[in-house]
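Have the sequence and the 3D view ready as you read. We will begin with the whole protein and then follow a few of its strands.

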Amino acid sequence: MNLRVLAPGLLTSVQDGGRRGHAAIGVGGAGAMDDVSLRLANMLVGNAQDAAALEITLRGPRLRFDADALIAIAGAEVDARCGGEIVPPWRPVLLRAGSELNLGGMRRGARAYLAVAGGIALPAVLGSRSSDINAALGPLPRALAAGDELPCAAAPRALCGDLWKTVAVPLEAHTENRRVFAAKWSLDPSPWFDARATRPISAIAGTHFDRLDAGSQHALFGAEFRIGVDSNRVGCRLERVPLKLAAPIEMVSAGTAPGTLQLPPGGVPIALTAEAPTTGGYPRIAQVIAIDLPHLAQRRPGDAVRFAPTDLAAAQMRYLERERALAKLASWIQARLHRPW
């Protein structure tokens, strides 16, 4: 099956679990900004959790499916329609061949994920199908453009046989030209998606936190920042509360990762995100913990951000708790994909 891009939206790209293991040669990970929403969308269509899908930013694309397709949308609350029918999120949905899916604006959140059963089957580059837009790396090293054709690996009939048998007769025999067939069950997004964007983002004090002046140390974990309009997949600019060092320091480049909070000379901290460089020469004042990076990824330009201090032990505990919850949810979804809808 091929997925044709009729209109690309504001910024839509192919992302998977990321390009891992190449930081030593200066190649960043890329991958989904909100990796949990990517994983959940893939679970809902029976894919591997790190399969390639579409990451949609703020306003979505218009897409045409040339064959019947099993899809799922997770993450930000996006207006999704197929013809005159609403395509509901957080559940498996079957679309008939020839369907056009129109993904409009987002009511809440910044990024939604569209998974297609089988995954997007572009060739892997350094072990990943992700588009690293800043580095121009990947099988499609840019955002989607009108006219792009994306191959998908397999039809849902092969992947979710029991589910397909349940809906195939009404789907194929329906006389009212209905195109959308959604499961009756869905996931509760509240544990995974911060719809109100109010929860503090947890961070660990960084190597150079103590080099901030006293006011800046207090502000980092006490003030309210705003996401800058020029934020992107490389990093989020945290405006409104400038920070400064107590005294200048000499820096050499050192390793960075998604979540590293750097402080450039202008005083506006930058939280590095999915396309973070592998090294940087600015002071590293904090590290956003992995479990909260998806929540940061869903903040829109102008949204407020507060940081809460935590430590490595607490961060590891929260991460393990999340992974256990996701494993349990994956088993629950898998059981329902092979039952009547």
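Of the protein's 341 residues, 49% count as buried; here buried means under 20% relative accessible area, exposed over 50%, and partly exposed in between, with a 1.4 Å probe and protein chains only. Keep in mind that this is a predicted model, where local features need pLDDT of at least 70, side-chain atom pairs count only at pLDDT 80 or more, and totals for chains, interfaces and linings use all residues. Residues are numbered from 1 along each chain as its sequence is written, and side-chain values use heavy atoms, with hydrogens and water left out.

The accessible surface comes to about 14600 Å², and 53% of that belongs to carbon and sulfur atoms. Such areas come from the Shrake-Rupley method with a 1.4 Å probe, and for residues only the protein chains shown count as cover.

## Overall build

How far does the C-alpha trace of the protein span along its principal axes? The answer is about 75 × 35 × 35 Å.

As for charges, the mean positions of the 38 positive and 31 negative ones are 3 Å apart. Lys and Arg count as positive and Asp and Glu as negative, while His and the chain ends are not counted; the place of a charge is NZ of Lys, CZ of Arg, CG of Asp or CD of Glu.

The protein has 6 helices and 20 strands. Both are DSSP runs numbered from the N terminus: helices are H or I with at least four residues, strands are E with at least two. Let us look at strand E8, residues 100-116, which is mostly covered, with 12 of its 17 residues buried.

Two strands pair if DSSP finds at least two bridges between them. Strand E3 (residues 53-57) pairs with E8 in the antiparallel sense over 4 bridges, and Ile56 stands opposite Ala112 there. Strand E4 (residues 62-65) is also antiparallel to E8, over 3 bridges; Leu63 has Leu101 as its bridge partner. Strand E5 (residues 69-82) and E8 pair antiparallel over 10 bridges. Along this pairing, Ala72 stands opposite Ala115 and Val78 stands opposite Met106.

Is E5 mostly covered or mostly open? It is mostly covered, with 11 of its 14 residues buried. Strand E7 (residues 93-95) runs antiparallel to E5, joined by 3 bridges, with Leu94 as the bridge partner of Leu70.

E5 also pairs with strand E6 (residues 85-86), antiparallel over 2 bridges, and Cys82 stands opposite Glu85. These two strands form a hairpin with 2 residues between them, and Gly83 in the turn has a positive phi of about 65°.

## An open sheet

Elsewhere, 8 strands form an open sheet of mixed pairing, in the order E19-E12-E13-E16-E15-E18-E11-E20. Its edge strands are E19 (304-305) and E20 (307-309), each pairing on one side only. Within the sheet's order, E13 (residues 235-239) and E16 (residues 270-272) pair antiparallel over 3 bridges, and Cys236 stands opposite Ala271.
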